[in-house]
Amino acid sequence: MNFAWERLADGVHRCRLPFLDVTVGLVCGRTAALLIDAGTTLAEAAAINADVMEISGRAVSHIVLTHNHFDHILGSSVFVDAEVYCAAEVATTIADRPEHLRADAVRHGADPEEAARAIAALRTPEHRVRDVDLDLGGRSVAVRHPGRGHTDHDLIVVAPGPPETVVFCGDLVEESGDPVIDDDSDAAAWPATLGLVLDAGGADGAFVPGHGAVVDAGFVDRQRAWLRNRV
């Protein structure tokens, strides 16, 4: 195994990548395997792919990219047979702003040559969605756009229990650092969006941040209050 995968429920896993502590999620059904986000480099993604085969016995068939930042999308081209789902803004960034992605990756410490290779291999995702349900064979997951926050197009992936619902939050929730508020963010709308994220997981849900350890509803509520106080 290349990375340490944490089992969150039957068929639901996640790992924390060494570079920037990015989370990648995995939800497995009887006939399909869904990856949530894909890391930064081709080498990172290839290692993820090998791990998924070991965990699930099958190749990744579906990918959801939670938003358009480089550390969540640049590895996606490794999964050549996967159907890729994302907001329209992600597809537009990949198609029209590759130099922005490369420069942002290098500015945050990615190896320039590895970043360039990942950019060169990128393909534009074929499924541009806001809300869709995906059938993985005996397990259905919900992809939802709860509102504006870290970006104007953040997606979450909801994997219902038992035992508890697991919500992959992308960077709407961060645990290993404060939420990143930048030019892409809508800080005023973010607290209300987190209210809908909480509704998706419920009081007993497990919330998987884009960076950091899995958190509970109380943590998400405290982050919502922190954001509200910054407006």
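These legends accompany close-up views of a predicted model.

In this predicted model, local features need pLDDT of at least 70 and side-chain atom pairs count only at pLDDT 80 or more, while totals for chains, interfaces and linings use all residues. Residues are numbered from 1 along each chain as its sequence is written, and side-chain values use heavy atoms, with hydrogens and water left out.

**View A. An open sheet of five strands.** The strands follow the order β8-β9-β10-β11-β12, with mixed pairing. Here strands (E, at least two residues) and helices (H or I, at least four) are DSSP runs numbered from the N terminus, and two strands pair if DSSP finds at least two bridges between them. β8 (132–135) and β12 (206–208) stand at the edges with a single partner strand each, so one side of each has no neighbour in the sheet.

**View B. Where β11 meets β12.** Strands of a sheet pair through backbone hydrogen bonds, either parallel or antiparallel. Strand β11 (residues 166–168) runs parallel to β12, and three bridges join them. Look for F168, which stands opposite V208 in β12.

**View C. The largest pocket.** A pocket is an open set of points on a 1 Å grid over the protein atoms alone, where a 1.4 Å probe fits, with protein on both sides within 12 Å along at least five of seven lines; lining residues have an atom within 4 Å of a point. Of the 16 lining residues, H69, D104, H108, V180 and D182 are the closest to the centre of this pocket.

**View D. Helices at the pocket lining.** α2 (70–73) and α4 (98–107) each supply at least two lining residues of the largest pocket. α4 gives the most, with three residues.
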